[in-house]
Each structure stands twice: as structure tokens, then as C-alpha cells.
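Got a model open and wondering how to read its surface and its strands? Let's talk it through.

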Amino acid sequence: MPKTPVNPFKSLATDVLLTGMTWLCAIYLSTVESASAAQFGEPKFRQLEEILPTPNHYRTASGAPGEAYWQQRADYEIEVELDDEQQRIIGSETIHYTNNSPDALDYLWVQIDPNLFAKDSEGHITELAPDMSNLNFRSLRGILEREQFDGKARIHAVRDSAGADLDHQVVKTMMRIDLPFPLQPGKSFRFSIDWSYNIVDAQLIRARSGYEFFPEDGNFIYEMAQWFPRMASYTDDRGWQHKQFIGSGEFTLEFGDYQVAITVPDDHVVTATGELQNGDEVLTAEQRNRLKKARESETPLFIITPEEAKANESTQATGKKTWVFKAGNVRDFAFASSRKFIWDAMGHQSGKNKVLAMSFYPNEAEPLWSKYSTHAVVHTMDVYSKFSFDYPYPVAISVNGPVGGMEYPMICFNAPRPLPDGTYWGVPKSREQWMHSKYGLISVVIHEVGHNYFPMIVNSDERQWTWMDEGLNTFLQYLAEQEWEEEYPANRGEPKDMISYMTSSSQVPIMSNSESILQFGNNAYGKPATALNILRETILGRELFDFAFRTYSQRWMFKRPQPADLFRSLEDASGIDLDWFWRGWFYSTDHVDLAITSVTEYRMDTLDPVVDNDRRKQERDEEAKTISEIRNQNLKRLVDRFPELIDFYNDYDPLDVLDDEKKESEEKLAELAPEDRDLLKLERHFYVVDIENIGGLVMPVILEIEYFNGNKETRTYPAEIWRRHSDKITKLLITREPIRSLRLDPHLQTADSDTSNNVYPPEIGKSHFKLTQDKEDKNPMQKAGLGDAAEEDDDASESEKD
Ligand SMILES: [Zn+2]
């Protein structure tokens, strides 16, 4: 370390001069600030009231449900048959709909989701062309299958409880049922619907439900969802949510109780949302016995072993069996059925609730599934409950089949399984590898089981806002992955992983309708998850964030929050104004790029002219010489020849202190109050740091200071440092030791997109290059065997014949 540190900062001449005028000037300046800025505030810090809905009796200004909060209720009794010969659903349901709203309803809207797979569906005919230059066999087979497949639901009957037909009209994926008389507030209406439709081949057509056919053994796995007409939701802030099902925006649903009887070939195994009611009829004594043991087990036990499942594959159904399930307080119902299922289960205690965690999968899913699936189900409940609320349902189920990853109450569908030879990838690098990878499987099970919390219980409007469930769920998925194993290869959650998206073109804000989102996964999953992670680690801190997030989760359990309810709840419970954060991260496409543009060190004069001027002389000596000054050093000058031309001013240095000046300054010092004289002896270093906001998104300034003695210190300034000027700020640092360098965001907390401008003084960047070998294609003459090398090859092959 040099004795006199080399000063890395500019402008040594700009010393601090203490004067008595400072406060007066400041007061004067503050009165001439522009009126508009004072009135509205810097745009990035403007409060959100101008954007958020006005609070009311249903939703309060603090983000909680209001005293008059209401939601509708829909209870279902369903009988459904799965036709394994023709891959069809034939169903009959009775819906008991309760109008808890203050409004009389003339008609009801019901969702007919299979119509997404009608030949002329909006989702299908508005599909844009695929990348024709990059089409594989599978995707072309899928496109051709979609052209010919007809999945439109046939509505056979819509009747009231007396059996009288009800007028109804199907409008694409919705159906309006006209009521014989308006349904008054507080009243219920019972009606039934009979329907049928063809199940989609989910391996060829991308779907959240469907079948997979196994040509080797001639069996199917069915993962059934959106399979029955479901009540559209009617809400205080939107009325009927009957925005058509086009493909991206998922489902907005009402809570209710379900009783579902599922008839399948008698050698199928069925799993579903809810608890099995007739195990005595559909399970063997052995299976019931194993289930009982599994409930108490801390590791998964087989209910159906791989060998038993293998044997089942070659049986033939002799008849039909009906499996009956009941589920309370759920917003949907899904099931899976196959004769190929292995079944394992283990118990889990979530607070006071006893839960049975289960997995269903074919032998093709081994050895991955028996090792990881059920453990991942339990791990998810463990971690998510810590951050929100106890898992309230009796079962939690993961099923392997054709659907990539999709969530329903208590049950979810997850596709990854090993390659046919039983090997698999670790960390997947492509969609194809993901389908056959360990971490692809663990992460998707965590994610889909996690959806039980958001949106299956915290029931956000998925048709409108994808991020409200996907973003929150991806954030908790990241936390669960961190608790799975050290250095878990999570691909979403860390701020640095969001930078390339946030600096990319063709983006829309997170607050965009589901169907209009560009770069879907980054927009609705990655960015909101990262935003929440930053709130937790950097803006609020873990303690405040966890309390606020739990408050939001518990306030909206089994209720329907809107974005404003989340924004307001997190502020309400944390005590921190986050309007700037929601504005920047959720309503804009700005990115983060803060830069240190300059640093100036200020030195305080001692007011002793001898000391001060000696320092100035030293600084003057250190100043760079011009090229002419250097070359003229040995120049013969006129005064050398005529010394009589030299006078007082030739020797006089303006920085010399004359006797009179010395006396004058001593008198001035003597007039100073003792505390002011002490201040002049203060041994501190003053630095003014200029920081620019290049990316537009305001963020806390996290500044690591490295001193010349090797010590480091981090000073953190909240984002409010930008509240008056969001593009450029200056900050005064007062230190005891001289500073060697400064670095913004040393622990990569803020998704700062360009870290090269975070360091002052700038550093030389590091990269590397690799030499590649030139390879030339064979020309047609060479391929035709006309080159010299070809002749040699011929010779060689002839000699081999010998
Ligand atoms: Zn999801």
C-alpha cells in the first residue's frame, strides 16, 4: 500500500470552504422549485391512487376484504363416464348456484371449455403461423391433428330442477342460461346439464387436459380437466367474468362442494380432487391396508407396486366400475384414470391438518417418480405453508401423463419422465431435455402442487391476470427449491436471471391481460417472482416481507383478490410505501441500470494559509505538464541573457503567504468560536458521488465502499433517494479513511443490467476467446469421388480387401 494513496477521484482543487451563508441559500432556493413538481411529485414516485380502483365496502383501502365482501357459490353433483373405446366424456351434472351478490341475475353464464378444441374456435383460427423454417415431425403431426380434430362439446340438455328445459345459448366457449325469473340476492337456483365431447390427444395437441396412448401395450392415461360445464364467476368488480377461453388466460371460478361419480373400465385406477368415498368397492383389501400404513409413513409406500401396474397393463376390462369422490370448498375438479398406474403415498401433517400425499404414474416414469414425486409434493406443502397458511385439504396428488404441468385443487399433472432406456437429464437445457430430466420433474411438481395455494385457494382472476398466480407461485417455488438442496439449479427467482428479459425489446408491463402478454414465461412467471424476491431480500427485508406476504395470503384464502388488494396489503402490513415499486416493476417495462458517473473528493481548508497553500502547491506540482512545457525545459530564454529583466514578480508565487496575509488569517481564526475551530481540525474525507439512473427503474442504491486500508463497508440508501430526481442524484459520503473504490449492488440484488458502470474507478473487463478450426464442406466433385484423397481412399479400401 502506498504511503500517500494514489487518489482515484477527480478534481482535487474543489476544496470545501465553510461559510455562514449555506442555510440562507438553501432556504431561498427551496422557494423557487416548480409548482407542478411540488404538486404531483416525481412521476416515478407518484402515488398509485390515480391507477388503482377506488376502495369500497367490498375491498378496503388497506387491501383486505371489506365488510360487505361477497362471492358466489357453486356446488356440483356430477356423474361422468370415461369412454375408453372412443376417448369420450359423457356427463350429467346438477349445479346448485347461490347468488350472494346484491344484484338480481336474469341469466347465468357457464364455461364450456372443450369448445376451445372446436374446429372453428377463436383460439384455433386466430393462431399465428409457426416458424416454418424450424418445424419438426411432432409439431407438424400436431398441426395436422388440430386441423381435423373436433372437440366441441355437445350440450344434450339444460333443465331446471323440475325437469323443464331452460333456454340457453352457446357463445363460443361460454353458455348463457336464461332464467325463468330473476335470481334474487341470497337465493339459489338448481339446474342440470347433460353433455359429451371427444377427448383431445394431449401428446399431439397442446392442452391442459387429454389422453396419452401407449402403442407398446395399447393402453391410455387420461388426465381430465375442464371436462364439465363450470359456472363462470360473477364478481363485485367485473360482473360476469365471461372473457372467452382463447388459450392463454386460464380459469376464473367459484368455490363450492363437489360430489363426483366417475365410471371407468373396471380395471382402471382413478385419482381425483377430493377424497375417495367408496374404497370398499373399488380397491382391494390389500390396497386399503397399504393405504392405511402409508398414512402414517414418513416415506412413500406403494399402494400399487411397479410389478402390479405392469401386470395390470395386459388385463382386459370385463365391465365398468364407478369411483365416487367428494371435495369440499374447492373451485374446480380434475381426475386421472388408467390401468397403467403405479400408486405411492405418504402422510404429512400441515398444522392441524392430516394430509395424504400421493403420486400416480406408469412404469415408463420409473425410476424418477417413485424417488422424487411424492417427496416433492410433501416438501411443497412444508415450505409454502410456512410462507402462507396450512394446507387445508385432505389429499395432495401428483400424476404423470401427457400434460406438461397443470394444476387443479388437490391434484396436478406433471409430464417429465425418463427416456425409454431409464436414463434422464440432470439440469435440462431445452424443452426436449426438460421432458426427461430430474430437476425438470422436481421443479414442476413443486410448481403445480404450489398452485394449490395460488390460485386454488387464494382465488385470483386467472383469465385476466396470469401473474397473480404464476408470479406468486414461481416466487414460492424458488424458495422451496432453495430448501430442497444446496445450489439447486433454479431458473427463476434470482434478479440477475431477469436482466436479459428486462432489457429485451417487445415487452409489455406485467399488468397486461393474459392474452396480450409477450414473452409469456418471463412476463408472468419470472419477472413478478423476481420482483417479490427483491422485495423480500432488498426492499423490505425478510421479516417485514414474510409478515406482509402471509397477511395477504391469509386475508384472501378462499376469496378472490385483485392486483390492488395485493399491492395494498403488502404496503399495509409492512408499513412501507411501495407505490414506486409497483409502478416501476408492474406498470412499466423500464429496467434497472444505475451507474456511478463521477466521484469528487473535497478537502476542507484549515484556514491556515501556510498549510492550505503548501497543499495547493503540492497539487499544482502533481498536475500534468503540457507537451510544450516538457519540450521547452532546456530552452534558452531571453532573461537568461539579460538578468536585469528579472524583478519581484519573477520570484513571487501567488501561493506564497506574505506576512500581512499570515497576520490577517491568524486574527480571523482567533475570532472563530471554539467549536468552529474544532471543526476545522476534523479528520474526515468528503466525497460527492454522482449516480445516474440509465435504465429508468428506480431502485435502492447499495454502495460498497472499499478503503485504501483494505476494509470494506456497504451503505444502503432506499429508493426514496430518487424521489425528487429520478434520473440523476448526488450523494455525499463522509468517511474516516480515504476511499479506494466504490461498487454498486455488489451482491447482485437489483437486476442491474450493466455492472460495468457500477464500479468507480472503472475496471478493465474480462472475457475470453476460443480459436476455432476452419472446416470446409466437401464439394460435389469430392463427393463424386473425383479428388486425390478419394483415390487414396479407394486404394486403402482395395488393400483392405486383400
Ligand atoms: Zn403455473
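Here is a short chat about surface patches and a strand pair in this predicted model.

Q: Which residues form the positive surface patch?
A: In general, Lys and Arg count as positive. Here the patch is built from Arg-138, Arg-141, Arg-206 and Arg-431. Arg-206 sits in the loop between β7 (188-198) and β8 (210-214).

Q: Is Arg-206 buried or exposed?
A: The cut-off for exposed is over 50% relative accessible area. Arg-206 has 82%, so it counts as exposed.

Q: And where is the negative charge gathered on the surface?
A: Look for the patch that includes Asp-608, Asp-614 and Glu-667. Helix α21 (residues 659-671) gives the most to it, with seven residues. Glu-667 lies in that helix, α21, and at 49% relative accessibility Glu-667 is partly exposed.

Q: Which residues make up the nonpolar patch?
A: Met-132, Leu-135, Leu-140, Ile-143 and Leu-144 do, and together they have about 440 Å² of accessible area. Leu-144 belongs to helix α4 (residues 137-148). Its relative accessible area is 52%, so Leu-144 is exposed.

Q: Now the strands: in what sense do β5 and β6 pair?
A: To call two strands paired, you need at least two bridges between them. Strand β5 (residues 168-171) and strand β6 (residues 174-183) have four, and they run antiparallel. For a landmark, find Val-170, which stands opposite Met-175 in β6.

Q: What is in the turn of that hairpin?
A: There are two residues between β5 and β6, and Lys-172 in the turn has a positive phi of about 55°.

Definitions and conventions:
Residues are numbered from 1 along each chain as its sequence is written. This is a predicted model: local features need pLDDT of at least 70, side-chain atom pairs count only at pLDDT 80 or more; totals for chains, interfaces and linings use all residues. Side-chain values use heavy atoms; hydrogens and water are left out. Patches are made of residues with over 30% relative accessible area and no salt bridge: like charges are joined within 9 Å, nonpolar side chains (Val, Leu, Ile, Met, Phe, Trp, Tyr) within 5 Å. Accessible areas come from the Shrake-Rupley method with a 1.4 Å probe; for residues, only the protein chains shown count as cover. A salt bridge is a side-chain nitrogen of Lys or Arg within 4 Å of a carboxyl oxygen of Asp or Glu. The place of a charge is taken as NZ of Lys, CZ of Arg, CG of Asp or CD of Glu. Buried means under 20% relative accessible area, exposed over 50%, partly exposed in between (1.4 Å probe, protein chains only).
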